[in-house]
Amino acid sequence: LAAEMEEIPVRSVVWIRSEAGGIERSCPSGSPLHPGRPKHPADVAALAAGEEPAGSGRELPPAGPIKFSSQWELGEVESAPSGGDTTYTVRVGSSFPSGRALMSRKVEREHMFLANPQGMDGASDMSRLSNLSQPCLLHNVMARYRCGLIYTYTGPLLISVNPFQRLPSCYSEEALASYAGANLSEAEPHVYAAAESARQGLKRGGRP
């Protein structure tokens with residue numbers, strides 16, 4: 001299976017499973033989920049060309065504090081397999097809030113997953129992400145969750161994360177009214193959007 005996988009170029013930013021298992025993290029309001037995150041090659045290329053990185057024009061609500069346990073960490077590929085070797089060398093440690101010293105790990109291809117550019121964090125529809133691996137999806141949902149956005153699309157599917165608290169503004173009359181007759185392609189994911197999509201479909205005489 002590993003031989004059939006596409007080779008990952010050097011300098012790529014990847015997700016790899018942490019050797020320490022679940023890592024407890026605590027991020028204050030407004031702080032990034034992964035301080036010291038390696039720069040994604042797509043972002044570097046865009047800035048070098050004088051262009052805006054992908055997704056940089058999208059704004060999310062302020063990020064609140066969050067505590068979580070993660071089995072994944074971000075790293076940067078330092079070297080690819082050569083001379084019959086099947087492992088990559090990945091530099092890790094820069095994305096740890098504790099400021100852990102940088103170190104290199106040997107990782108097999110099947111245990112590496114390409115990360116998305118940072119500007120794509122918090123995408124409302126995950127089917128538009130460049131990479132759709134488990135850590136990519138989990139990271140995107142978490143980025144939205146800490147901004148108070150508990151709903152996310154994956155194509156036609158609506159994903160909901162239990163906020164474990166009351167969100168009165170999320171289900172207010174004003175919120176309901178904002179989806180009535182709205183252009184749903186531009187609206188934030190919501191259970192009201194799913195209901196409005198069904199209503200508009202029935203009104204057209206077609207399927208929801």
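Which residue in E9 is the bridge partner of Thr-152? Select Thr-152 and look across to Ile-159 in E9, its bridge partner.

This is a predicted model, where local features need pLDDT of at least 70, side-chain atom pairs count only at pLDDT 80 or more, and totals for chains, interfaces and linings use all residues. Residues are numbered from 1 along each chain as its sequence is written, and side-chain values use heavy atoms, without hydrogens and water.

**The whole chain**

Show everything as a cartoon. The chain has 4 helices and 9 strands. Helices (H or I, at least four residues) and strands (E, at least two) are DSSP runs, numbered from the N terminus. Along the sequence they follow the pattern β-β-α-β-β-β-β-β-α-β-β-α-α. Of the 208 residues, 39% count as buried. Buried means under 20% relative accessible area, exposed over 50%, and partly exposed in between (1.4 Å probe, protein chains only).

**The hairpin**

Select residues 151–154, strand E8, and residues 157–160, strand E9. These strands run antiparallel, joined by 4 bridges. Two strands pair if DSSP finds at least two bridges between them. E8 and E9 form a hairpin with 2 residues between them. Click on Gly-155 in the turn: its phi is positive, about 65°.

Next, select Tyr-171. It sits in the loop between E9 and helix H3 (173–179). Is Tyr-171 buried or partly exposed? Tyr-171 counts as partly exposed because its relative accessibility is 37%.

Keep Leu-158 selected. It also lines the second largest pocket, as do Gly-155 and Pro-156, among others. A pocket is an open set of points on a 1 Å grid over the protein atoms alone, with protein on both sides within 12 Å along at least five of seven lines; lining residues have an atom within 4 Å of a point. This pocket holds about 210 Å³ of space. Volume is the space filled by probe spheres set on the points, which are joined across faces, edges and corners. Helix H4 (residues 191–203) gives the largest share of the lining, 3 residues.

How values were computed
On a 1 Å grid over the protein atoms alone, a cavity is a set of points where a 1.4 Å probe fits but cannot get out, and a pocket is an open set with protein on both sides within 12 Å along at least five of seven lines; lining residues have an atom within 4 Å of a point.
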